[in-house]
Every structure is written in structure tokens, then in C-alpha cells.
Amino acid sequence: MNYPLLNVFFTTMWVFLWVMWFFLLFRVFADLFRDDSVSGWGKAGWCVFVLVLPFLGVFVYLIARGKGMGRRERKQSEQAEASFRAYVQETAGTSAPSSAAGELTKLAELRQHGDITDEEYQRAKDHVLAA
């Protein structure tokens, strides 16, 4: 078997380039279908362009719409973060009190129910009033 080291390098490079190409192609399709500002016909047109002339289609897409790809991904990530936080707060059944008065009311309720001692109440009260 005769397969020189340089051929191994080129084969590895081509495999890497193909993997990178498919990753880029999937990113373009994900961005295209994530964007609500593009109509159905626009999405169909981009899909046909990318599928018929894949290299040219992807490069034209990146030039024409590449700047907004990061913004759209950031927006989606912020929405996911906000919905996750809302879900956690809803599931935990707690929402942060909006003021020191709300926190003091919660502390007083905890002391009345015997969940915290008078010393703990005083320390927490001092902490709330200091903030």
C-alpha cells in the first residue's frame, strides 16, 4: 500500500472542507427559516438558488444577508433566555419583590410562621435596609 504523507494531508483537508461546507450550508438554511421578515416566496427562491448553485448561492446569501445572521441569532438566544427565566420563576412560584417594602413584608411573614428566628429576621432586615 503506497499512500504518501502528503496525500493523507490532502485527504484530511478535503474531508475537513466538506464538513465545514455542510456546516455552513445548514447554518444558512437555519437562518433563512428562522427569519420572519422573509416571505415564503423569498425563502423558496433562496432555497432553489442554494440548491441549484450551492457554492454561489451560499456565498451570495452570506454577502447579502450575513450581517443580520448574528443579530437574528442573538435575538433568538435572548428570547430563549427570557422565556427560560419566566418559566423558572413561574415554576418556583417566586418572583423577586420589587421594593424593600415587599422584602420586609416577606421577612415579617416568615418570622410570623416561625420559619426564621428573631435574630435571622433582624439580620435580614438590616441587610435589606442597608441595600
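Which residues make up the largest nonpolar core? Select Trp21, Leu25, Val28, Phe29, Leu32, Trp46, Cys47, Val50, Val58, Tyr61 and Met69, which form this core of 11 residues. A nonpolar core here is a set of buried Ala, Val, Leu, Ile, Met, Phe, Trp, Tyr and Cys residues joined through side-chain atoms within 4.5 Å; buried means under 20% relative accessible area, exposed over 50%, and partly exposed in between, with a 1.4 Å probe and protein chains only.

The model is predicted, with local features requiring pLDDT of at least 70 and side-chain atom pairs counted only at pLDDT 80 or more, whereas totals for chains, interfaces and linings use all residues. Residues are numbered from 1 along each chain as its sequence is written, and side-chain values use heavy atoms, leaving out hydrogens and water.

**The whole chain**

Display the chain as a cartoon: it has five helices and zero strands, in the order α-α-α-α-α from the N terminus. The radius of gyration, taken over C-alpha atoms, is 28 Å, well over the 14 Å that the globule rule (2.2 Å times the number of residues to the power 0.38) gives for 131 residues, so the chain is more spread out than a compact globule. Its C-alpha atoms fill a box of roughly 80 × 50 × 25 Å along the principal axes. Buried residues make up 18% of the 131 residues.

Next, colour α1 (5-34), α2 (40-52) and α3 (54-92), each of which supplies at least two residues of the core. The largest share, five residues, comes from α1. These helices are DSSP runs (H or I, at least four residues; strands are E, at least two), numbered from the N terminus.

**Lysine 43**

Move to lysine 43 in helix α2. The lysine 43 side chain does reach the backbone oxygen of aspartate 35 at 3.1 Å. Not counting residues up to four places away in sequence, lysine 43 touches Leu32, Phe33, Asp35 and Val38.

**Arginine 123**

Finally, select arginine 123 in helix α5 (residues 118-130). Arginine 123 counts as exposed, at 54% relative accessibility. Its C-alpha atom is separated by 59 Å from that of isoleucine 63, 60 residues apart along the chain.

Key:
Polar contact = N/O pair within 3.5 Å; in protein donor to acceptor, adjacent residues only side chain to side chain. Contact = heavy atoms within 4.5 Å.
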